[in-house]
Amino acid sequence: MKYSKQRQLIENAVIMNRIHPTADDVYVMLKPENANLSLGTVYRNLNLLAENGVIKKLSIPNSSDRFDGDLSEHYHIICNECNKVTDVRLCIKDMLDDEVKKQTGVTGLTYQIVASGVCNDCKNKKVISKK
């Protein structure tokens with residue numbers, strides 16, 4: 001995959017911003033200093049980087065896709081209130097692999113697990129607003 005200046009900027013924006021940005025987030029971050037950058041360019045490059053394994057694409061139901069520069073084995077939880085995505089480190093891949101293989105015979109599995117709930121910040125806001 002050939003690298004352009006814009007592709008490198010987009011990759012760096014995802015890797016350096018641990019917020020699991022959407023394409024719109026990346027565009028808003030980069031546009032002020034990159035006048036020629038278009039939203040379409042951001043979308044195309046994010047998807048290309050994800051297809052080539054440089055970043056991860058998180059498909060979240062009823063929400064915009066998010067992108068993650070952390071390629072290590074981990075999962076995600078999204079807040080139902082503020083949509084913040086947080087990394088969750090769990091050692092469950094081997095257990096899942098064993099159980100899926102036992103039940104179906106399928107091997108070579110990959111996972112994209114996204115749980116949802118209410119983050120501590122939002123939970124605390126609700127407690128404060130009830131007082």
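Visitor: How many of the 12 residues of α4 are buried?
Guide: The count is one, so α4 is hardly covered, where buried means under 20% relative accessible area, exposed over 50% and partly exposed in between, with a 1.4 Å probe and protein chains only. Helices (H or I, at least four residues) and strands (E, at least two) are DSSP runs, numbered from the N terminus.

Visitor: What kind of model is this, and how are residues numbered?
Guide: This is a predicted model in which local features need pLDDT of at least 70 and side-chain atom pairs count only at pLDDT 80 or more, while totals for chains, interfaces and linings use all residues. Residues are numbered from 1 along each chain as its sequence is written, and side-chain values use heavy atoms, with hydrogens and water left out.

Visitor: Back to α4, what does it reach from its first C-alpha to its last?
Guide: Helix α4 covers residues 93-104 and reaches 16 Å between those atoms, close to the 16 Å expected at 1.5 Å a residue; the expected span is 1.5 Å times one less than the number of residues. The residue that follows α4 is Gly105, which has a positive phi near 85°.

Visitor: And α3, which of its residues are buried?
Guide: Thr41, Val42, Asn45, Leu46, Leu49 and Ala50 are buried in α3. They cover an arc of only 155° around the axis, which puts them on the same side of α3; the arc is that of the directions from the helix axis to the C-beta atoms. On the other side of α3, Arg44 and Glu51 are exposed.

Visitor: What do the buried residues of α3 pack against?
Guide: They pack against α1, α2, β1 (56-58) and β2 (66-68). The length of α3 (residues 39-51) agrees with expectation, because its 13 residues should span 18 Å at 1.5 Å a residue and its end C-alpha atoms are 18 Å apart. Just after this helix, Gly53 takes a positive phi of about 75°.

Visitor: Where does Thr22 lie, and is it buried or exposed?
Guide: Thr22 lies in the loop between α1 (5-16) and α2 (23-30), and this residue is buried, with a relative accessible area of 11%. Leaving aside neighbours within four places in sequence, Thr22 is in contact (heavy atoms within 4.5 Å) with Ser64, Asp65, Arg66 and Phe67.

Visitor: Changing topic, what is the strand order in the open sheet?
Guide: The open sheet has three strands in the order β4-β3-β5, with mixed pairing, and two strands pair if DSSP finds at least two bridges between them. β4 (85-88) and β5 (114-117) stand at the edges with a single partner strand each, so one side of each is left without a neighbour in the sheet. Neighbouring strands of this sheet are turned by 30° against each other on average, direction ignored; the axes are lines fitted to C-alpha atoms, for helices over the stretch in contact, and angles run from 0 to 180 degrees between N-to-C directions.

Visitor: In what sense do β3 and β4 pair?
Guide: Strand β3 (residues 75-79) pairs with β4 in the antiparallel sense, over four bridges. Ile77 has Thr86 in β4 as its bridge partner, and Tyr75 stands opposite Val88 in β4. These two strands form a hairpin with five residues between them, and Asn83 in the turn has a positive phi of about 65°.

Visitor: How accessible is Asn83?
Guide: Asn83 counts as partly exposed, at 37% relative accessibility. Another residue other than glycine with a positive phi is Asn62, at a value near 60°. Asn62 is placed in the loop between β1 and β2 and counts as exposed, at 88% relative accessibility.

Visitor: How many disulfides are there?
Guide: The count comes to zero, a disulfide being a pair of cysteine sulfur atoms within 2.5 Å. The sulfur of Cys122 has its closest cysteine sulfur in Cys82, 3.6 Å away, which is too far for a bond. Cys122 is buried, with a relative accessible area of 8%, whereas Cys91 is exposed, at 85%.
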